[in-house]
Amino acid sequence: MDFSAIFSNLILGFTVAMSAQNLLYCFIGCLLGTLIGVLPGIGPVATIAMLLPITFNLPPIPALIMLAGIYYGASYGGSTTAILVNLPGESSSVVTCIDGYQMGKQGRAGPALAIAAIGSFFAGTVGTVLIALFGPPLAELAFEFGAAEYFSMMVLGLIAAVVLASGSLVKAIGMIIVGLLGGIVGTDVNSGIARYSFGVSELSDGIGFVSVAMGMFGFGEIISNLGQTAETKHMEVSKVHSLMPTWEDIKMSIGPIIRGTALGTVFGILPGSHTVIASFSSYTLEKKLAKDPSRFGKGAIEGVAGPESANNAAAQTCFIPLLTLGIPTGAVMALMVGAMTIQGIAPGPQVMTQKPDLFWGMIASMWIGNLMLVILNLPLIGMWVQFLKIPYRVLFPSILLFIAIGAYSINNSPFEVYMAALFGFFGYYASKWGCEAAPLILGFVLGPLMEENLRRAMLISRGDPSVFFTRPISLGMLLVAFALLLMVVLPQFQKKREILEVADD
Amino acid sequence: MSFQSRDRKDFNAGVMYIAIGGFFAGFALNYPMGTAVRMGPAYFPTILGALLIFLGLILFFRSFAATDAELPTKTHWRPLICIIGAACLFAFLIGPAGMVVASAVMMLVGAFGGWDFRWKEQLIGMVVMPAVCTGIFYYGLGLPFKLFPWS
C-alpha cells in the first residue's frame with residue numbers, strides 16, 4: 001500500500017473540506033439532519049429524502065458533503081431520542097434504548113449521551129481511515145469488472161440486503177422486484193421506446209425514486225404512526241443533568257467502543273450493510289463479556305457504548321461499496337446514488353480517478369462531520385430536548401408540508417407530489433402485509449443499472465448466459481448470494497432473524 | 001386449512017405481487033422482445049414480471065397452509081384519507097393558487113388525520129408554516145415558486 005499517496009490524497013481532501021463554504025454546508029447538513037432526526041417517527045431515509053431537494057441547486061461537492069452530514073446527523077438524532085425518550089428513531093438504535101433509556105431514568109442521560117457521542121466519533125474516525133486505506137485498492141479491483149461482474153455483484157448486493165434484514169424473505173425479494181420494475185419505467189435507452197408511460201410525458205422520464213422514498217418513508221410512515229394512537233401520545237423525556245461521564249464510565253466504555261467499532265466496520269463493508277446487525281451483535285458480545293451480565297437492561301453503560309460505536313462504524317464503512325463499486329447497499333445509500341446521479345456523477349470507481357477532489361473531499365468531510373456532531377450535539381442537547389417535547393399532533397402537519405414542498409421542488413411539478421401520494425398509499429398497505437419499503441427503494445435505483453449490465457454482458461457473450469458462471473469473480477459472487485439464501489433455511493439462523501424482527505417492531 | 005383461516009398478510013401480498021407482475025409482464029407484450037443477444041425493451045420486464053408472479057403464487061398458496069396467522073392491522077381510514085388527500089390537494093392547488101394557499105390547505109386537511117385535533121394549534125400552524133417555508137424555500141433557496149393566487 002502506498003501510504004504517501006494516501007497521505008497526499010487526504011491532504012487534498014482536507015483542503016477541499018476545510019474551505020469555508022464546504023465547512024458551512026457540512027455544518028448545516030449535520031444540524032438539519034439532527035434536527036429532523038430527533039423528531040419522533042422520522043427515520044434517516046425520510047429525513048434524507050425530505051432534505052434532498054435543498055441540495056439540488058448546490059454544486060456537486062458541497063451538495064454531497066451536506067448530504068453526508070444530514071445522514072450522520074439523522075443517525076445521531078436517532079440515538080438521542082433512544083436515550084431520552086425510549087423511542088428509537090431508526091432500527092439501529094433499538095438496542096441503545098435498552099440500556100440508554102434506563103440510564104436516563106436513573107438520571108444519567110447526560111453520560112449516556114456523551115459516551116454515545118464519543119464512541120460514535122471514535123468509530124467514525126476509524127471508519128474514515130478505513131475508507132481512505134481500502135477505497136483505492138478496491139476501486140482498482142472494480143476497474144477490472146466487466147458487465148457480467150457488475151450484474152452478479154448487484155444480485156449479491158440485493159440478496160445480502162434482504163437476507164440479513166428481518167421479515168419474510170419471499171416478500172422482501174418480491175419488493176426488490178417491484179422496485180426493479182418500477183425503476184425501468186420510462187424511456188428505454190436502447191430502443192427509445194417509452195415503457196409503461198401510457199402517454200404521460202412525466203412518466204417517460206421515469207419515476208423519480210426521491211418521490212417514491214418520500215411517499216413510502218414519509219407519507220406512509222406518518223399514516224402508520226397516526227394509526228397507532230395511544231403509545232406515542234405522551235412521552236416522558238429524561239432530564240439531562242450533567243454531561244460529564246465519570247472516570248469509571250469512561251474506563252468501562254473503552255473496551256466496548258473498540259470492539260463495537262471493529263464489529264461495525266466488518267458489518268458495514270459486507271454487501272447489504274446492516275447497522276442494525278452491527279449494533280445487535282455488539283450488544284450481545286458485551287453482555288457475554290461482562291463480569292456481571294445481569295446489569296444489562298438496567299442501565300449498563302457498555303450497552304450504550306458498544307452498539308452506538310458499532311452502529312456508527314457501519315454507517316461509515318457502508319460508503320466503501322458505494323464510493324468504490326458504485327453499488328448502494330441499503331436504502332440510505334440508494335438515496336446517495338440518486339443524489340450523485342442528479343449532480344451528474346455516475347457512482348463507481350471512476351469517481352476516485354476523475355474527481356479526486358470530490359472523493360477525498362467527501363471522505364475528509366465525513367470525519368469533520370463526525371467531529372461537528374460531537375461539538376454540536378453535546379452543548380445543544382437542551383435544544384433537542386425541547387424539540388422532543390413538541391407533541392406529534394402539532395408536528396406531523398408540518399412534516400407533511402415539508403415532504404410535499406420537497407417533492408414539488410424536484411422538478412417544479414405537482415406530478416412528483418401525486419407520485420409521492422400514490423407511493424405513500426402503496427407503502428402503507430404493503431407494510432401492513434409485511435412487505436417493507438427499503439428493498440423496494442434499493443431495487444428502484446438498481447433497476448436501470450441491472451438491465452444495462454445484463455444487456456451488455458449478454459451482448460458480449462453472444463447470448464450465452466453461462467458467462468455469469470464461467471468468469472471467476474462473477475461466479476464467486478453468485479455462489480455467495482446462493483449461500484446466503486441457503487443460510488436462511490438453517491434453523492439457527494432463522495432464530496436470529498426472528499429476534500431481529502421482534503426488535504424491529 | 002380453509003379459505004377463512006388463510007394468512008391474510010401472505011394472501012394479500014401474494015395477490016398484490018401476482019397483479020403487479022402480471023401487469024408488467026402483460027404490458028411488455030406491446031414492446032419488442034428482442035433476442036438474448038440484443039435484448040429488446042420487453043426482455044427484462046418480462047423476466048422480472050414472471051419471477052414476481054412466481055413469488056406471488058408461493059405466497060398465495062402458502063397462505064392457506066397457515067393455521068393461526070396474525071391478522072393485518074385494520075386500515076386507519078381517517079389518517080389514510082386525510083394524508084393522501086392533503087398531498088393531492090397540495091399538488092392540485094400549488095399551480096393555480098400558489099404555495100402559500102396550498103400549504104395552508106394541506107396542513108389543515110392533514111391535521112384532520114390526527115387523533116387530537118385542536119383548532120387553535122392548527123390555525124397557528126397554518127399561518128406560521130407557510131411563512132417559514134416561504135422564507136426558507138423561496139427567499140433562502142431561491143426556488144421558483146408561485147406564492148399567491150394573484151402572483
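**Two chains, one predicted model**

Of the 505 residues in chain A, 62% count as buried. Buried here has a cut-off: 20 or more other C-beta atoms within 10 Å of the residue's own, with 12 or fewer called exposed, anything in between partly exposed, and C-beta atoms placed from the backbone.

A word on the source. This is a predicted model, where local features need pLDDT of at least 70, side-chain atom pairs count only at pLDDT 80 or more, and totals for chains, interfaces and linings use all residues. Residues are numbered from 1 along each chain as its sequence is written, while chains are lettered from A and ligands numbered from 1 in the order in which they are written.

Chain A, then. It has 24 helices and two strands. Those are DSSP runs, numbered from the N terminus: helices are H or I with at least four residues, strands are E with at least two. The C-alpha trace of chain A spans about 65 × 55 × 50 Å along its principal axes.

Look at helix 3 of chain A, residues 44-51. Eight of its eight residues are buried, so it is largely enclosed by the rest of the structure. Pro44(A), Thr47(A) and Leu51(A) are among them. What covers them? The cover includes helix 2 (20-38), helix 4 (60-85), helix 10, helix 16 (331-342) and helix 19 of chain A.

Next, a helix pair. Helix 6 (residues 109-143) and helix 12 (residues 247-269) of chain A have axes that come within 9 Å and cross at roughly 40°. That makes helix 6 of chain A oblique to helix 12 of chain A. For the angle classes, under 35 degrees is roughly parallel, over 145 roughly antiparallel, 65 to 115 roughly perpendicular, and the rest oblique. Contributors to the contact include Gly119(A), Phe122(A) and Ala123(A) from helix 6 of chain A, and Ile257(A), Gly260(A) and Gly264(A) from helix 12 of chain A. Contact means C-beta atoms, placed from the backbone, within 7 Å. The contact residues divide into seven nonpolar, seven polar and one charged. Nonpolar is Ala, Val, Leu, Ile, Met, Phe, Trp, Tyr, Cys and Pro; charged is Asp, Glu, Lys and Arg; the others, Gly among them, are polar.

Now the interface. 53 residues of chain A are in contact with 60 residues of chain B. Which helix of chain A gives the largest share of the side that touches chain B? Helix 19 of chain A does, with 11 residues. By class, that side of chain A has 34 nonpolar, 11 polar and eight charged residues.

Over to chain B. It has four helices and zero strands. Its radius of gyration is 24 Å, well over the 15 Å that the globule rule gives for 151 residues, so chain B is more spread out than a compact globule. Its C-alpha atoms fill a box of roughly 55 × 50 × 20 Å along the principal axes. Of its 151 residues, 40% count as buried.

Last stop, Phe148(B). It sits in the segment after helix 4 (119-140) of chain B. Buried or exposed? Phe148(B) is exposed, with 12 other C-beta atoms within 10 Å. Leaving aside residues up to four places away in sequence, Phe148(B) touches Gly98(B) and Val100(B).

Terms used. Axes fitted to C-alpha atoms, helices over the stretch in contact; angles between N-to-C directions. Contact = placed C-beta atoms within 7 Å. Rg over C-alpha atoms; globule rule 2.2 N^0.38 Å.
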